[in-house]
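Here are my notes on this model, point by point. Please read them with the structure open.

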Amino acid sequence: MSHAPRARTVLSCTLLIASLGAGLAACDTSEGSPLASAPYDAARQISFNGLPEGRDADPAKPLEVTATGQEGRITDVVAADAQGRRVAGELSADGSRWHSTSPLAAGAQYTVRVSTEDQEGAPGVRRLGFRTAAGKKALKVQFGPDAGTYGVGQPVTAELSAAVKDPRARAVVERALKVESEPAVEGSWYWVEDDLLHYRPRTYWPAGATVRARSSLEGIKVAKGLYGAATAPLKLTIGDKVEAVTDASSHYMTVKRNDEVINTIPVTTGKPGYATRNGVKVVLGKEYFVRMRGTSIGIPRGTNDSYDLPVYYATRVTWSGEYLHAAPWSVDSQGYANVSHGCTGMSTGNAAWFYENVREGDIVKVVGSWGGAMDPFGNGFGDWNVPWEKWRKGSALFDVTEQQRDRVRAPRLRPRV
């Protein structure tokens, strides 16, 4: 057998390697190339404006970097705080000046890296660290509810330590408040008051979802003299989808878990003059025992409608005192007539079952009542009674979001031929 082909192959590879080596040698100009040398110290060429010695920098003032003399120019500036938030800025065309275009955070540690080049193109670098002064007034955010497991109707709340009225300031706050879920769903904040926001998805949370809320507002300027403070994150777990629908006209309540009926309970709701509110409510809490008195809802003591009763297995759905509870005194009317003062009453056994099978955040819906509508805010969580399109308009970012949507939806025009 001849080995000539193998020998020729080896020879060819050797020539190829030698050729590549020659090519590399021809391109190796490290001895005379300014780009191949390590960056020089550009401390003499660069000065920082607005950074007082011995004191923290004013976060309300822009950061300015200038190239001194004619020896070189600025090619790039990277400024970021310890959280990795970068500062936006603009570099002049001639490379003589860079200035920040986004506000600095208060009470933050910053690192700045300035890249330069001299007249011969050799790269230089200067690094600097500084700290900004704390804001005069801190805006604190408290997420709610407490960490735990909740029903599919539970909104996330954000309480602010100060009122924020200006639309631009509200947008700054809202951009920093993030709510994420797994699986992901569409959702939005709604400004209930100047110091209170609610967040809910378009429809109920998916059963079994994990919901996280966090804030990146720390140190961020909200308004003149007002800067965001650090905020503890929040994690919620969503349980099964439990929904109770009470038909006040038929006097029955249907309870579903994950859209399957698990119980149908005869009930009584509010009588004329005390009719139960229609609409979607969210379970606020459970109390094994409550003392219910007519005076709490404005009924004078000693009148025909006056009452003072011990109540067990009480599930609260409004702050003003609407419950679903045991009402053994009205068992004969349950399933037939509405005789309560606004609460949903049932037998002790049924009330105990309901009490054990619902949690905070579960849905309670009332239909067919002569009563008014559940207040969306101020008396519990009536958030789900606000149509989604109206809810989205309660966000400070609504106009920005709509513009983005319009750009996505806009048809692409065909180029003229």
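1. Overall make-up. The protein chain has 5 helices and 28 strands. Helices (H or I, at least four residues) and strands (E, at least two) are DSSP runs, numbered from the N terminus. This is a predicted model: local features need pLDDT of at least 70, side-chain atom pairs count only at pLDDT 80 or more, and totals for chains, interfaces and linings use all residues. Residues are numbered from 1 along each chain as its sequence is written, and side-chain values use heavy atoms, with hydrogens and water left out.

2. Burial and surface. The chain runs to 417 residues, and 39% of them count as buried. Buried means under 20% relative accessible area, exposed over 50%, partly exposed in between (1.4 Å probe, protein chains only). The protein chain exposes about 23,300 Å², with carbon and sulfur atoms supplying 51% of that area. Accessible areas come from the Shrake-Rupley method with a 1.4 Å probe; for residues, only the protein chains shown count as cover.

3. Contacts along the chain. Take the contacts (heavy atoms within 4.5 Å) between residues at least 6 apart in sequence. Of these, 64% join residues at least 24 apart.

4. Look at the open sheet of 4 strands, ordered 11-19-16-13, with mixed pairing. Strand 11 (148-150) and strand 13 are the edges; each has a single partner strand, so one side of each lacks a neighbour in the sheet. From one strand to the next, the twist averages 25°. Two strands pair if DSSP finds at least two bridges between them. Strand 16 and strand 19 (residues 234-238) pair in the antiparallel sense, over 4 bridges. Ala 213 stands opposite Leu 234 of strand 19.

5. Helix 2 against the sheet. Helix 2 lies across strand 13 and strand 16, at about 35° to strand 13. Axes are lines fitted to C-alpha atoms, for helices over the stretch in contact, and angles run from 0 to 180 degrees between N-to-C directions. Which residues of helix 2 (residues 167-176) are buried? They are Ala 169, Arg 170, Ala 171, Val 173, Glu 174 and Ala 176. Their cover includes strand 9 (137-139), strand 12 (156-160), strand 13 (177-182), strand 14 (187-193), strand 16 (210-215) and strand 17 (221-223).

6. The start of helix 2. Here a side-chain oxygen of Asp 166 comes within 3.0 Å of the backbone nitrogen of Arg 168. The two side chains also meet in a salt bridge (3.5 Å, N to O). A salt bridge is a side-chain nitrogen of Lys or Arg within 4 Å of a carboxyl oxygen of Asp or Glu. Asp 166 is partly exposed at 35% relative accessible area, and Arg 168 is exposed at 66%.

7. Other salt bridges. How many salt bridges does a search of the whole structure find? The count is 13. Side chains of opposite charge can pair when their charged atoms come close. Arg 392 is buried at 8% relative accessibility, while Glu 389 is partly exposed at 44%.

8. Arg 277 forms a salt bridge with Glu 322, with the closest N and O atoms 2.9 Å apart. The pair links distant parts of the chain, 45 residues apart: Arg 277 is in the loop between strand 22 (260-266) and strand 23 (279-282), and Glu 322 is in the loop between strand 25 (308-316) and strand 26 (323-326). Arg 277 is partly exposed at 28% relative accessibility. Glu 322 is buried at 4%.

9. Thr 66. Thr 66 lies in strand 3 (residues 64-67). Is Thr 66 buried or exposed? Thr 66 is buried, with a relative accessible area of 17%. Its side chain makes a polar contact with the side chain of Ser 47 (2.6 Å). A polar contact is a pair of N or O atoms within 3.5 Å; within protein, one must be able to donate a hydrogen and the other to accept it, and residues adjacent in sequence count only if both atoms are side-chain atoms.

10. Phe 289. Phe 289 lies in strand 24 (residues 285-293) and is partly exposed at 39% relative accessibility. Leaving aside neighbours within four places in sequence, Phe 289 is in contact with Pro 310, Val 311 and Tyr 312.
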